[in-house]
Amino acid sequence: MDRQEKIRNFSIIAHIDHGKSTLADRILEKTQSIATRDMEEQILDNMDIERERGITIKARAVKLNYKASDGETYEFNLIDTPGHVDFNYEVSRSLGACEGALLVVDATQGIEAQTLANTYLALEQNLEIIPVVNKIDLPSANIEGVRKEIEDVIGIPAEGCPAVSAKTGLNIEDILEKIVTDIPAPEGDENAPLKCLIFDSYYDSYRGVVIYVRVMDGKLSAGQTIRLMNTGATFETVEVGYMSAFGLMPAKEISAGEVGYITASIKSVADTQVGDTVTDDDNPTAEAFPGFHAAQPMVYAGIYPADGAKYPDLRDALEKLRLNDAALTFEPETSIALGFGFRCGFLGLLHMEIIAERLEREFNLDLVTTAPSVIYKLTMRSGETIYIDNPANYPDPEQIAKAEEPVVKASIIVPTDYVGGIMELCRDRRGDYKNMTYIDSSRVELHYILPLNEIIYDFFDALKSRSKGYASLDYELDGYLESKLVKLEVLLNGEVVDALSFIVHSDKAYSRGRKIVEKLRDNIPRQLFEVPVQAAIGGRVIARETVRAMRKDVLAKCYGGDITRKKKLLEKQKEGKKRMRKLGSVEVPPETFMAVLKLDEE
Amino acid sequence: MFQNQKPLGLYIHVPFCAHKCAYCDFYSITNEDLIQEYTMAITEHMRRKKRIAKNYLVDSIFFGGGTPSLLPIESFCEIMKTVREVFDISPTAEITLEANPGTLDSKKLAVYRELGINRLSLGLQSADDGELRMLSRIHTRDEFEHSYMLARMEGFTNINIDLIYALPRQTKEKLLDSIDYVISMGPEHISFYGLSIEPNTPFGRNKNIRALLPDEDEQYDMYMAACKTLESAGYLQYEISNFAKKEYGCRHNIKYWTGKEYLSFGPSATSFIDNMEYKYLPDIERYISCVKKESEIREREYMFNHEELETRFVMTFMRLRAGINAEEYKRRFGLDFEKEYSEKIERFIQSGHMVKTAYGYRLTRKGMMISNYILSDILDLLPDELE
């Protein structure tokens, strides 16, 4: 097994801002995979939005060569992982492709909830973990304190672990040597039937889908027919190869222990879902890689073009995005208020925001997005169980025997100073307190069961603002719990506006109803006549405001030179009107929806 | 005079002010050194129109500004003389001059009368000295009253008074005090404007001003109350912002709202003639030098097509109390107004913003107050016609 002896497959686990991307860049640089001057900053995150938000959305991988101090040259495969709780499953698959992981902790911040959660994921998969203390160039760096914290909280030895500055490049060699000495070489059987784990895939308009895999056993070359074990789909391999820092490098074959890519004229990433196992169609492996599940949307929202005529453009754009995002689902939906649009499913709120932003930015669309909803589980009196992801389809409460909502198991790490505020927030969000553990004398980890619909709007922001930015959050779905749910309807001028209704816990209905009618009052322009704005549950009005009638919109003076000027003014006004959505007899600009749906800003 | 002469209005812009008022965005300068050159330029400009002038009989002249009454008598005589030289003036022509209280004296007024000015428009704006100071007017109410009396004594029998409402911190009560005062003076005509905050004025640059204005509902109440008071005092509303005793509507201004032709002189002035609109440079020095060099004085010009004329027709006629005259509409555009608009207008009739008349349709007072909204709704507006 001489060949595999020289391979090291690893990931980097780090909290947002703890320097993962910068460290990846330094590793690339030190392994001379790319010359410094050619290096586009942070090469692994190559979507604009990722870079702007400082997070990695899609995993990427790169193969590097490192000449170690023992004189040997090693093949490093660095597999990047998404750094947000919405993409937990992708993280676990990326880790599954590795034998080890670098755990990067900011020397001035310490461990965060996200880091902890991902470290546990890595430990579950028996990965060798190399702690790395980063940002030691900062004056407030506390190297020993952070090492001790890693030992106390995670329970892995950290004494003498690499202490580096990814920014300045200090001590990066320590990490590279540790990777060689500490991370085990892969031990695949290249004579066994082919078995590859898909950890990422993307659509390329020339090659079709490019699948990123870790070859566990066997080998694969072009021409071989592959089978995806969970979907059952088969394809003839067109090309295999490696991911270099410069792009895809075709190879004759890829074999056990290696990380590489496969192309097979596949038309959609929906066929190549992360976590699925690729095997040889003629000589399949006995068992698929465990733990596969199809990407499961957790949050749904209606997405509509602000200009109804752009509906086909929106459909095309969503189709293009789906080529590359198996987690995105959408189907046509019609709203009385908003016309034709799509009900879209997302992994979480971040995923939703990213999609909406990409639609607007890359496809130049103006969108109206309805309030995000989770999937509610309703047991009907008839005994039938139904799932509702769109408030518009919520049935008559009389027919519902039991209503349940999804909950998550949440872990929040926060400095002790802010525990009070965070606990209050969780209580406010109907959280069920489980326990609290001390990480050290200054930080605790709180455990809660929280309804998913309470955290999909702005929970993360609220958490940050109540902890001066120090709190960190991780959560995973934890099934359904019975709940007192009601459908809150919004009426404009006596007519229900479907796009504004939502499902809410009955204890919250009144305050949410109040808030929404107040927001509408402030955001709906005055109309020809007075418009009552009401929030109602089952036809019973619980809040009301009034949009007053328009009283003055006139140009006082209109003499010779003013006529043309006035006409221009009217043209502008007409343009503005064209953008309005007509809800019954009420004209509402798309911004109103956005303002109202961003409910929870204080 | 020729039998087939068409009627024409003349507008002469006098871009000089003793002082710029805080709210005003009409083109004017406070440097009076250029008056001589201006007089030369504008009279020369008029003389160049001799050829066109032959086809028209001028039945209204309007000296606007700026402050026309600021012109020295010699300059004014020179301009008036040239007007009469170049144009045929109807003996019954309405000849208006805008004047600022405080710039008038008996001698000036007598000369105006002699030169044929038969209508004076006095900018009072408010009868409250505090409000006048806030507007940075150069006169007090007493000074206005003095000027007004002088004008009456010199024999002016057609006087307009300008008033502005919706001033910062103004209440309805205060406005009605001004209205009562103006009514007590008994002018033939009252222009009653809502204050509009224009960007390139001291008011426009004052970020806090909007917060001080009466809100939309208060402004509406002010307007309604004032209109009522004016009407019960015998002033009939004939346009959104204009009231007059019977037979005293301003003939010149009515031309603007009824699509009639007008020829203008002076920087920033706009003409409309032969379905063409053109505007002169809003820059007195360039205006003067262009006239001297015989180079282009027009800042822009535009020939309106049939649809654009139709839009302008509806837009301006709707300002009038009388509203649209479907017969005249048909005569000009060959279209049936009822067929073109009744469907779009229906909702405004339902909501009480418009009514059907014996001749066509008109806005109610409530409708006038939101005429921008209504017009932008019913008109087919073609964007960017001037670009």
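How many salt bridges does the rule find across the interface of chain A and chain B? In this predicted model, the number is 7. One of them joins Arg526(A) to Asp217(B), with the closest N and O atoms 2.9 Å apart. Polar contacts were counted too: 27 residue pairs between chain A and chain B, with both residues at pLDDT 80 or more.

On the chain A side, helix 14 (residues 562-578) supplies the largest share of what touches chain B, namely 12 residues. By class, the side of chain A that touches chain B holds 11 nonpolar, 4 polar and 14 charged residues. In total, 29 residues of chain A are in contact with 51 residues of chain B. Between them the two chains bury about 3,800 Å², and 53% of this area lies on carbon and sulfur atoms.

A helix pair within chain B can be described as well. Helix 15 (residues 337-350) and helix 17 (residues 371-378) of chain B have axes that come within 10 Å and cross at roughly 150°. The crossing of helix 15 of chain B past helix 17 of chain B is right-handed. The residues that make this contact are listed by helix below.

| Helix of chain B | Residues in the contact |
|---|---|
| Helix 15 | Tyr341(B), Lys344(B), Ile345(B), Arg347(B), Phe348(B) |
| Helix 17 | Tyr373(B), Ile374(B), Asp377(B), Ile378(B) |

Sorted by class, the contact of helix 15 with helix 17 of chain B comprises 6 nonpolar and 3 charged residues, with no polar ones.

Notes:
Residues numbered from 1 in each chain as written. Chains lettered and ligands numbered in written order. Predicted model: local features only at pLDDT ≥ 70, side-chain atom pairs only at ≥ 80, totals over all residues. Heavy atoms only, no water. Contact = heavy atoms within 4.5 Å. Buried area = accessible area lost by both parts, 1.4 Å probe. Salt bridge = Lys/Arg side-chain N within 4 Å of Asp/Glu carboxyl O. Polar contact = N/O pair within 3.5 Å; in protein donor to acceptor, adjacent residues only side chain to side chain. Helix = DSSP H or I, 4+ residues; strand = E, 2+ residues; numbered from the N terminus. Nonpolar A, V, L, I, M, F, W, Y, C, P; charged D, E, K, R; others polar. Axes fitted to C-alpha atoms, helices over the stretch in contact; angles between N-to-C directions. Left-handed = near helix turned anticlockwise from the far one by under 90°.
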